[in-house]
Amino acid sequence: MFPQLKQVTRINAPRWVVLSVDVLLSLLSFGISCLIIDATDYKKLHVSNYLNPLIIVLLFRAGSFFITKSYSGIIRHTSTQDAVRIFLAVSISTLGLLAVLGASINLFNIATYKPAVAVLIVDAFILIFLMSGFRIFFKLLYNQYAPFNNNTNTKELIIYGA
């Protein structure tokens, strides 16, 4: 298994794979935050209650990932710039979702969405943690199993005269 893992880590992960993982992490963080916030009320825990909000949240998150291009960095060279991009992407999408939620509450006089604000804020913190952790984990995995000078077809040479 390790030779295949080394082969995979030698090449860069395509951007669409990173974007897909980011969207999946968004899905996971939204589910976890809904479970955390609504854990005391078991009557509300139905998948049908969270399907429409989940689709809206995923659309906003994917849009903010495209705007900030948080998926475009090379994962094995993760730095603090990637963490800033992740923070900006999640912040932009969370603020957009809160604005849409506030507008829908004011326009339609719906007061049942008050726990949704807590869900979005908890979701944002969980998502920042998961996305940053994923990138750091992949970087550590790459550094562990794919050493830099692993090519056996190299020739030693000396450049002189400079």
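**Salt bridges and burial**

Reply: Arg135 and Asp22 are both buried, where buried means under 20% relative accessible area, exposed over 50%, and partly exposed in between (1.4 Å probe, protein chains only). This is a predicted model, in which local features need pLDDT of at least 70 and side-chain atom pairs count only at pLDDT 80 or more, while totals for chains, interfaces and linings use all residues. Residues are numbered from 1 along each chain as its sequence is written, and side-chain values use heavy atoms, with hydrogens and water left out.

Me: Which residue forms a salt bridge with Arg135?

Reply: A salt bridge is a side-chain nitrogen of Lys or Arg within 4 Å of a carboxyl oxygen of Asp or Glu. Here Arg135 pairs with Asp22, with 2.9 Å between the closest N and O atoms. Arg135 lies in helix 5 and Asp22 in helix 2 (residues 15-37), so the bridge ties together parts 113 residues apart in sequence. Helices (H or I, at least four residues) are DSSP runs, numbered from the N terminus.

Me: How many salt bridges does the structure hold?

Reply: There are three. In another of them, Asp123 meets Arg61 at 2.5 Å, N to O. Asp123 belongs to helix 5 and Arg61 to helix 3 (residues 47-68), so this pair links parts 62 residues apart in sequence. Asp123 is buried at 0% relative accessibility, and Arg61 is buried with a relative accessible area of 0%.

Me: Where do Arg85 and Asp82 lie relative to one another?

Reply: An α-helix has 3.6 residues a turn, so residues three or four places apart point the same way. Arg85 and Asp82 are three residues apart in helix 4, and are thus separated by about one helical turn. Their salt bridge has its closest N and O atoms 3.6 Å apart. Arg85 is partly exposed at 22%, whereas Asp82 is buried at 8%.

Me: Which residues form the nonpolar patch on the surface?

Reply: Patches are made of residues with over 30% relative accessible area and no salt bridge; like charges are joined within 9 Å, and nonpolar side chains (Val, Leu, Ile, Met, Phe, Trp, Tyr) within 5 Å. In this model the patch consists of Ile67, Val84, Phe87, Leu88 and Ile92, with about 480 Å² of accessible area together, by the Shrake-Rupley method with a 1.4 Å probe, only the protein chains shown counting as cover for residues. Helix 4 (residues 80-108) gives the largest share, four residues. Leu88, found in helix 4, is partly exposed at 43% relative accessibility.

Terms used. Helix = DSSP H or I, 4+ residues; strand = E, 2+ residues; numbered from the N terminus.
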